[in-house]
Amino acid sequence: MTPRGTTKYPGLVLTTSILASSLAFIDGSVVNVGLSVIRDALHADASELQWVINAYLLPLSALLLLGGAVGDRFGSGRILWMAIAAFGVASALCGMAQSLPWLLVGRALQGTAAAFVLPNSLAVLGESFSGEARGRAIGVWAAVAAAIGAVGPVLGGFLIDHWGWRMIFAINIPVSLVGALLAVRVMRDAPRDATARSLDLLGGMLATAALAALTYALTVGTGHDGWTPPALLALALGAILLAAFVRTEIARADRAMIPIVLFASREFVGITFLTLFLYGAFGALFVLVPYVLIATAHYSNTAAGASLLPVPILIAVISPLAGGIAGRIGSRPMLFSGSLLAAAGFLLLLFVQTESDYWTTVFPGLIVISLGMAAVAAPLTTAVLAAAGPENSGSASGFNSAIARLGGLIATALLGGVLGASGAALIAGFHSAAIAAAVASVLASVSALALRKRVFQ
């Protein structure tokens, strides 16, 4: 890019960043609406259906920090256009897949590309704008991201209802092409420091392998087959790889993918657990609600996607207000009360029955959950930055974002028994998942107590 903080094409740089991030944001939600159609088209069972989601979330969770580090090392603009192009190729592979294994390969490649798209799409804004202009650019980027989160499931449902499930992947191809061409045209990276620290490739590989083994173990162990020897073996292997990852990160010290010094802070550990519990519960909600509405109440895919609209809309509207309140009373009470409010919302979903009316059973629960998440979203970001300190703010933000996606990954791995059921059994499984999500939200509120009152109120 031209000198840091300036750009010849500010509007095009912002447009490119938004196009790039929209690929990852939309694909993280639209596929949830198409699960039942993909299941029927590719003859997938419950555990295989879980991997349609987790094949994307796994590399995204494990490689998000590495993706940002690669951009820092080789140039965010250069890495961004290559990642956008890779996402388009992966989407084409998903759209053309004639069997589930090929779809899963495409999804894994999408997740890997998204891990490089997301951090670098934001980094280019920091490099291309400065001062007040940077704040405005990031504000527009965040607002569009919220809007995309709102329309994504509805768009996915509409595409599936009118053109089939392959279209939710095919639509990414022209967006990727335009985004990659724009990135090549308008982004010029500033010279990088030749003595920059080495990349933590071993850490990235160990994290991915550990999460893959643990996800497989949870998927099989909580599914129809139960804790078979292969599931137990995968669980043990995952634990060993996770221990190796931690040991590697400790050995690399300040060159690690995740700065170990962060975990010396009780507050940061508490925030990490809060994020894992709360966003895990939230991720399960986005998978199950449209699936249950389609399977038991016979909603169209478009209607099932639209059922989730109140959630991102309320979060987008109320989060700024919650951030202002947190500025006056502190993050700690907002995180504690917001998590408890989300738990109450999950319990309201126990009123959902086969062919229940959306407005009297599903809608009230979604509203209360949305209010709880809106109370948490902005204060959580503030708390992460405060706990990490200015010297580790970038690493802490990236790690917290990865943990949020990891929560969704684990939650989806635990849903095999629900996704494999039908009729009354599906509703019973949905109720069990709602109770588990409420418990996780309560644990999130307890984790908020780790924040010192004198610092976080």
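The model is predicted, so local features need pLDDT of at least 70 and side-chain atom pairs count only at pLDDT 80 or more, while totals for chains, interfaces and linings use all residues. Residues are numbered from 1 along each chain as its sequence is written, and side-chain values use heavy atoms, with hydrogens and water left out.

Figure 1. Helices (H or I, at least four residues) and strands (E, at least two) are DSSP runs, numbered from the N terminus. Along the principal axes, the C-alpha atoms fill a box of roughly 60 × 55 × 45 Å. Of the 457 residues, 53% count as buried, meaning under 20% relative accessible area, with exposed over 50% and partly exposed in between (1.4 Å probe, protein chains only). Among contacts (heavy atoms within 4.5 Å) between residues at least 6 apart in sequence, 84% join residues at least 24 apart.

**Figure 2. Close-up of the ring pair Phe-263 and Phe-399.** Rings of Phe, Tyr and Trp (its six-membered ring) pair if their centres lie within 6.5 Å; planes under 30 degrees apart count as stacked, over 60 as edge-to-face and the rest as tilted. By this rule the count comes to eleven aromatic pairs. In the pair shown here, the centres of Phe-263 and Phe-399 are 5.4 Å apart and the planes stand at 90°, so the pair is edge-to-face. Phe-263 sits in the loop between helix H10 (229–252) and helix H11 (266–296), and Phe-399 in helix H16 (residues 393–413), so the pair ties together parts that are 136 residues apart in sequence.

**Figure 3. The aromatic cluster of Phe-263, Phe-268 and Phe-399.** Take a look at how two of its members differ in cover. Phe-263 counts as partly exposed, at 35% relative accessibility, whereas Phe-399 counts as buried, at 9%.

**Figure 4. Thr-272 in helix H11.** With a relative accessible area of 11%, Thr-272 is buried. Leaving aside residues up to four places away in sequence, Thr-272 touches Phe-399 and Ile-403.
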